[in-house]
Amino acid sequence: MTALGFTTKIVHSDHQLGLEAGAVHAPIHNSVPYGFKDVQGLIDVFQGQPGHAYARSSTPTLDALCKKIQKIDNGVATAVFSCGMSAIVATFLTLLKSGDHLICSRFLFGNTTSLLGTLEGYGIEVTLVDATDINDVSAALKSNTKIVFVETIANPVTQISALDEIGEFCVENELVYVIDNTITSSFLFDANSVKASLIVTSLSKYVAGHGNAMGGSVTDTGLFNWEKYPNIYEGYRKGDSNLWGISQIKKKGLRDMGACLSSQGAHLISVGSETMELRMERQAVNSMALAELLQAHPKVAKVYYPGLADHPQHQRAKDLFTGFGALLSFDLVDGIDCCEFLNKLNLVISATHLGDNRTLALPVAPTIYFEMGLQLRQEMGISENMIRCSIGIENTADLLADFEQALA
């Protein structure tokens, strides 16, 4: 049988687990403890054998979601967490130690940038680089560098990292290459193709889609040799070495840090994922149409969308991705108030989130990047009158008409 298509492998993932009574969706297991008729079974789980003992670490519902995300990401193993940020925190805090060095793109989600300051307080050295330029990345290499972390399409200015060149750089220097694939998702971009070690995703966004559940994931691609990574604790250096990294992230991130996803949340994400391809195709069509409308409008100074030919990394996006995504930002011309414009929109919702079925928009500087201050915003390419949009699945004509009337 030929390899299954993207949506086919998602919608049949649960049923292929052989669920009770022929169920096609994994049931919601709300139990916190799991009992054993033979206490040796409980002992086995505590000593690393498959099974469930306590919901902070795993439930059958979470396992079903892990298997589904693993298929989506084309990885060897996946761990899920309470949100995307908890997945990132777990990755950094379980794989890095005081004295280690982390290279990060300077074009990062605001909360991730805030986390980097916390890491520095723990003695982890952080260097921010222009990840669109491999020379800037390679110049940051130090003898204590352990990880390189980038996003695919940056939020909100849509810079695209030199993903393939960074992958080669990490292989040459035996570095863990962590890619945040949230904005593209694995539907638009297979991070395995650029030799990513770990794929981090906020499942709350395009995977779930409906704005009703939070979750995050870390998938190991199987492309990094964990036997050469010095920060794997001795207790995890057993069995298949491909699983050492994800085992440490999962055990310490869930058991020790408690960043656990509920079974209810996992179920909502799992069901939402089934329509990811359909949703993202419509969102991409809407985004391109809106980007072209805005670019031609006299009240818009600049549009940031990788699908536009004048985007600095447009060709890179064409080469790496199967589509340009649904994150779009734009600057209004001087003299037009962002808030006044947003209040004129009828369909577009003023809210902070990405990947929702509904189009969402907000003024960037006074909201999600307010705490950073003017200087850091300028370094990230964020103007003071920038509006960020997460484009939804509305009928294209309706969406365009709403922007046209608000700009009139």
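Predicted model: local features only at pLDDT ≥ 70, side-chain atom pairs only at ≥ 80, totals over all residues.
## H3 against H10

Let's start with helix H3, which covers residues 60-73, and helix H10, which covers residues 263-273. Their axes come within 9 Å and cross at roughly 30°. Angles under 35 degrees count as roughly parallel, so H3 runs roughly parallel to H10. As for handedness, H3 and H10 make a left-handed crossing.

Who does the touching? On the H3 side, the contact is made by Thr 61, Leu 62, Leu 65 and Lys 68. H10 brings Ser 263, Ala 266, His 267, Ile 269, Ser 270 and Ser 273.

## H4 against H5

Next up are helix H4, residues 84-95, and helix H5, residues 110-121. Here the axes come within 11 Å, and the crossing angle is roughly 30°. With the roughly parallel class taking angles under 35 degrees, H4 and H5 are therefore roughly parallel to each other. The crossing of H4 past H5 is right-handed.

From H4, the contact draws on Met 85, Ile 88, Val 89, Phe 92 and Leu 93. Facing them from H5 are Asn 111, Thr 112, Leu 115, Leu 116 and Leu 119.

Terms used
Residues numbered from 1 in each chain as written. Heavy atoms only, no water. Axes fitted to C-alpha atoms, helices over the stretch in contact; angles between N-to-C directions. Helix = DSSP H or I, 4+ residues; strand = E, 2+ residues; numbered from the N terminus. Parallel < 35°, antiparallel > 145°, perpendicular 65-115°, else oblique. Left-handed = near helix turned anticlockwise from the far one by under 90°. Contact = heavy atoms within 4.5 Å.
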